[in-house]
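Me: I have a structure open and some quick questions. Can you walk me through parts of it?
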Amino acid sequence: MQPWHSDNPALSRAFAPVFDERDDADLPIEGALPPGLSGVFMRNGPNPQFEPSPGYAYPFDGTGMVHALYLDGGRARYRNRWVLTAELQEERDAGHRIYNPTFGPPPYANLANTNVLRHAGRIHALYEGGCPYELDDALGTVGANTFQGKLTGAFSAHPKIDPLTGEMLAINYDLMAGTLEYMRLDATGRVDRQVAFASPWPALVHDIGLTATHVVAFVCPLVFDFSRGPAAPGWEPQRGTQVLLVPRDCTDAAQIRWIEAAPFFNWHVANAYADGNVIEAVLPWHDGYGPTSRKRLEMHRLRIDMASGRVDDETLDDQPCEFGRVNDAWLGRRTRFCYAGLRDPRPGETPQPGAFEAFARYDVETNEKTVYRLPAGQTACEPVFAADPAGAGEADGYILSFVHAQDDAGGRFIVLDARDLAAGPVAQVRLPRRVPAGLHGSWMPSPAAIRA
């Protein structure tokens, strides 16, 4: 792969792409990997092979590359591969870029660059502008997956998997048509619910919350009006935000409910659960979106009263944060703790959106925040929870992340004890080459591990 360089901020520093596909075993480890932590951490993110046009923007663009850290018996192995989509193969055959950034003119590619997760024994690279791509355990691309032909448009990049039923639930969106689609796959990967319905306006729905009875999502007033041209989204707070409530057993659009709320924008939902007629959702909350409208980014708790139609909004923390996660075994149930990437730059450091200087653990019962701040010059992305095989409680586990260190050609992978986040890493795996900042990932316990 021919290296290239760009001065675009979304392609430099922590976001600068890498150009090799590696397989490195028996990596050096500082500290000790937790006993019994066996499996693979996979994380997806933009990593264009061919230099994009000047309109390239984070987080919307860039060919997907999955980075994996395999753990077994106290040993660690690293591997990375591009997701070989049909469009990337076409560009490789041509030897140059063919497809354009999201907010440029067509043609557009399925980038398969946003998330990676395992459901029903299959690993999927996800991108909400196209269908999933299936990967094997070694990150080889198996091919596009349309769920036995049931998926006719794009699939969500952020479905949720119910830890009790094994179902995968998603809200898909079509900006051009102004429609949404509820889709549920059972524990075997078979689509058993698929309901299309109109959106109040063309809007992206990146993530959802899950309760025992409902899927909850937020249609925020970032409006995609294509009459304005390809740079379509505009912030229109006068519309407010519409809370979308879809019964999990929904079979007809008439069963779907909308509740009006004050305007805000969100990318992610850390968790949601129902307490009687009230749904509580904890999420990173923006007071707008765009270069002129976004000023505040905070952790909030919303209480959605399904009986009265009232939505109450509580600020949990006003320090900027994103990529909220919980212990996935508690998704859809009352959780006490959630984790997020935290903006905490030191004096003189220039932050990059999407790369964080710290991790935070929020205790939503006591409003206590625990912080681990990375060393100077280091940033990380999403904190992913891996359960401690010897534990049974919600907090019994570890926070995993790749770390980017400024001016360091090498990379690292850190393991933090979720029960004592501020104590710092219990283990650091040193990587022979840096891993760029990326988007979403998953901890997949064995049998997905490749033996080191």
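Me: Which strands form a hairpin with 5 residues between them?
Reply: β8 and β9 form that hairpin. In its turn, L139 has a positive phi of about 75 degrees. This is a predicted model: local features need pLDDT of at least 70, side-chain atom pairs count only at pLDDT 80 or more, and totals for chains, interfaces and linings use all residues. Residues are numbered from 1 along each chain as its sequence is written, and side-chain values use heavy atoms, with hydrogens and water left out.

Me: In which sense do β8 and β9 pair?
Reply: Antiparallel, over 3 bridges. Pairing takes at least two DSSP bridges between the strands. β8 covers residues 133-135 and β9 residues 141-144. Y133 has A144 in β9 as its bridge partner. Strands are DSSP runs of E, at least two residues, and helices are runs of H or I, at least four, numbered from the N terminus.

Me: New topic. Which residues of α1 are buried?
Reply: E87, L88 and E91, in a helix of residues 86-94. Buried means under 20% relative accessible area, exposed over 50%, partly exposed in between (1.4 Å probe, protein chains only).

Me: Why do they line one face?
Reply: Seen down the axis of α1, they fall within an arc of 100 degrees, so they line one face. The arc uses the directions from the helix axis to the C-beta atoms. A86 and D93, on the other side, are exposed.

Me: What do the buried ones pack against?
Reply: β5 (75-82) and β8. Contact means heavy atoms within 4.5 Å.

Me: And what joins β4 to β5?
Reply: 8 bridges, with the strands antiparallel. A68 has R79 in β5 as its bridge partner.
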